Amino acid sequence: SSGISLDEFSLGSENWRNIPDVVRALLGVHEDRIYQEIFPAIAKLTHSLERIERMLEMKPNKSEIQTALGLKASQSDVLLLTKRLDDLNGVVGAKADAAAVIIELNKKTNTVDFVSKTSEIMSLLQDKADSDSMKRQLEKKVSHLELQSLQAKINEKADSLHVRESMQEVAKALAE
């Protein structure tokens, strides 16, 4: 129950003296309904009003809104960024795609050469050359294959550095 005493109300004592007897009798008949329905409804409304008051306290004031709007990008800023993105897309589009890089790598590491070198080594083994001579020839072949492998790795790193330099140029262009 709340702080309101319906007994005081129905008897017309204290602050309730000026309430007409008819109203007091009517409310007395509906006392249970008042306690069960009206007071809880009033409590819910009170809770809703308190929640709205808390929300209003958190609402930004006019100067806070103006400050936030001042931080917002202008239309010219957006157009400039759009132009820079278009330029960047053009640079990226001009770079080789992954399929083209794979084709070029396959050209540099020709498998036919590798197979022919392997068959050459096999024929030398079949000729049963002495072990020292065989060892020297194998070292030459292996060195040649290692050099080719290292050359391919160097080319790959050089291409990677070129792409990195291009990206740095793009970053500098965007920074300007």
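Leu49 is found in helix H3. In this predicted model, Leu49 has a relative accessible area of 53%. Leu49 is therefore classed as exposed, the cut-off being over 50%. Together with Ile52 and Leu56, Leu49 makes a nonpolar surface patch. The patch covers about 300 Å².

Helix H3 spans residues 31–58 and has 28 residues. From the first C-alpha to the last, H3 reaches 40 Å. That is close to the 40 Å expected at 1.5 Å a residue. H3 also carries a kink of about 30 degrees. The kink lies at Ile38, shortly before the proline Pro40.

The chain as a whole contains 8 helices and 0 strands. From the N terminus on, the order of elements reads α-α-α-α-α-α-α-α. The chain has 176 residues, and buried residues make up 7% of them.

Charge pairing was considered next. Side chains of opposite charge can pair when their charged atoms come close. With a limit of 4 Å between a side-chain nitrogen of Lys or Arg and a carboxyl oxygen of Asp or Glu, the count comes to 1 salt bridge. Lys83 forms a salt bridge with Asp87. The closest N and O atoms of Lys83 and Asp87 are 3.2 Å apart. Both residues lie in helix H5, residues 75–94. Lys83 and Asp87 are 4 residues apart, about one turn of the helix. An α-helix has 3.6 residues a turn, so residues three or four places apart point the same way. Lys83 has a relative accessibility of 48% and so counts as partly exposed. Asp87, at 43%, likewise counts as partly exposed. Both values fall between the 20% and 50% cut-offs.

Ala171 lies in helix H8, which covers residues 131–175. The relative accessibility of Ala171 is 44%, so this residue counts as partly exposed. Ala171 and Leu88 are 83 residues apart in sequence. In space, the C-alpha atoms of Ala171 and Leu88 are 9.1 Å apart.

Terms used:
Residues numbered from 1 in each chain as written. Predicted model: local features only at pLDDT ≥ 70, side-chain atom pairs only at ≥ 80, totals over all residues. Heavy atoms only, no water. Helix = DSSP H or I, 4+ residues; strand = E, 2+ residues; numbered from the N terminus. Expected span 1.5 Å × (residues − 1). Bend = angle between axes of the 7 residues up to and from the residue. Buried < 20%, exposed > 50% of the residue type's maximum accessible area, 1.4 Å probe, protein only. Patch = residues over 30% accessible without salt bridge, like charges linked within 9 Å, V, L, I, M, F, W, Y side chains within 5 Å. Areas by Shrake-Rupley, 256 points an atom, 1.4 Å probe, with all protein chains shown as cover.
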